[in-house]
Amino acid sequence: YLYIFFAFFLSLSITVLIMLLLISKMLRAEICGIDVNKKEKPVIPEMGGLAGILGFTLGISLSLGIIKYFDYLDEKPILVSISVVCLAALIGLLDDVSILARKEKAWLISLSSLPLIISQIGNKSIAFLSYNLDFTQFPLVFWLIVVPFGITCCANAVNMSAGYNGLESGQFTVISFSLLIISILDEINLTMALIYSSLVGSSLGLFYFNKYPSKVFVGDIATLGFGALIATTAIMGGYIIYAIICIA
């Protein structure tokens, strides 16, 4: 529990510190958008999701380095998570800058699943409560079709539901906290719990600045990046059904 809290606190602190710096720089660079849901139409800094992505990646990386001095830790899921969220965030950045078409966004975000496909961490089965969909006999179907499709659907579902102040960052916080509690109750390995706790910390940091009245917009960098990350952790941890329920 100390490790879990440490990862949470580190990611939260880094996200807040970077966001404080990012907001002023985005204002000076005039990288802003208009909050169309308010009468006064205020100008709000954009791409605040960069702080969340950096908060998660730096927070979990530093936690991994420190914890490994005191305890054994399987670092592969963490490295895969960092790779996926960075790839998805880069695609989100491209979308924020150039506004990708829906089809372009869908197939591009599926490419962020490559680190997970290469590592093949996770069970090749999906438990739907009383029914188990097993792909053991068809591993290529699972890794080359199901996994990219699942990550694309999750990332775009979160992205499409965004719009109001605090909505997307609040969703990240609720979903990641729910999956963290499930992982603790199910006594899953420490590595997955650390990933979820770091995600909770960075999501909460984003929410503080993105909640009403919003001081910053998180952008597709965060929605696509964290959406792909949620799907990746669900596949690696065997919690696909829980992630589906949370997203719904």
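1. Helices α2 and α8. In this predicted model, helix α2 (residues 49–67) packs against helix α8 (residues 190–210). The angle between them is about 145°, and their axes lie 9 Å apart. The crossing of the pair is right-handed. On the α2 side, the contact is made by G49, G52, G55, F56, G59, I60 and I67. On the α8 side, L194, I195, S198, L199, S202 and L206 take part. By class, the contact residues of α2 and α8 comprise seven nonpolar and six polar, with no charged.

2. Helices α7 and α10. Helix α7 spans residues 167–185 and helix α10 spans residues 240–247. Their axes come within 10 Å and cross at roughly 150°. Angles over 145 degrees count as roughly antiparallel, so α7 and α10 are roughly antiparallel to each other. The crossing of α7 and α10 is right-handed. From α7, the residues that meet α10 are I175, S178, L179 and I182. Their partners in α10 are Y242, A243, C246 and I247. This contact of α7 with α10 has seven nonpolar residues, one polar and no charged.

3. The buried side of α10. Which residues of α10 are buried? They are I240, I241 and A243. These residues lie on the same side of α10, because they cover an arc of only 160° around the axis. The buried residues of α10 pack against β3, α7 and α9. One of them, A243, is also among the α10 residues that meet α7.

4. S183 in α7. This serine sits in helix α7. Is S183 buried or exposed? Its relative accessibility is 1%, so S183 counts as buried. Leaving out residues up to four places away in sequence, S183 touches I188, A193, Y196 and Y239.

5. N159 in α6. Helix α6 covers residues 139–160, and N159 belongs to it. The relative accessible area of N159 is 11%. Buried means under 20%, so N159 is buried. What does N159 contact, leaving aside its neighbours within four places in sequence? The partners of N159 are K105, D220, T223 and L224.

6. Backbone checks. Most residues other than glycine have a negative phi, and most peptide bonds are trans.

7. K41. This lysine is in the loop between β1 (32–34) and β2 (43–45). Phi of K41 is near 50°, a positive value in a residue other than glycine. With a relative accessibility of 40%, K41 counts as partly exposed.

8. Q120. Where is Q120 found? Its place is the loop between α5 (114–119) and β3 (125–128). Q120 is not a glycine, but its phi is positive, at about 55°. The relative accessibility of Q120 is 46%, so Q120 counts as partly exposed.

9. The cis peptide. The bond that joins Y212 and P213 is a cis peptide bond. Its omega is about -10°. P213 lies in the loop between α8 and α9 (219–237).

Terms used. Residues numbered from 1 in each chain as written. Predicted model: local features only at pLDDT ≥ 70, side-chain atom pairs only at ≥ 80, totals over all residues. Heavy atoms only, no water. Axes fitted to C-alpha atoms, helices over the stretch in contact; angles between N-to-C directions. Helix = DSSP H or I, 4+ residues; strand = E, 2+ residues; numbered from the N terminus. Left-handed = near helix turned anticlockwise from the far one by under 90°. Contact = heavy atoms within 4.5 Å. Nonpolar A, V, L, I, M, F, W, Y, C, P; charged D, E, K, R; others polar. Parallel < 35°, antiparallel > 145°, perpendicular 65-115°, else oblique. Buried < 20%, exposed > 50% of the residue type's maximum accessible area, 1.4 Å probe, protein only. Arc of directions from axis to C-beta.
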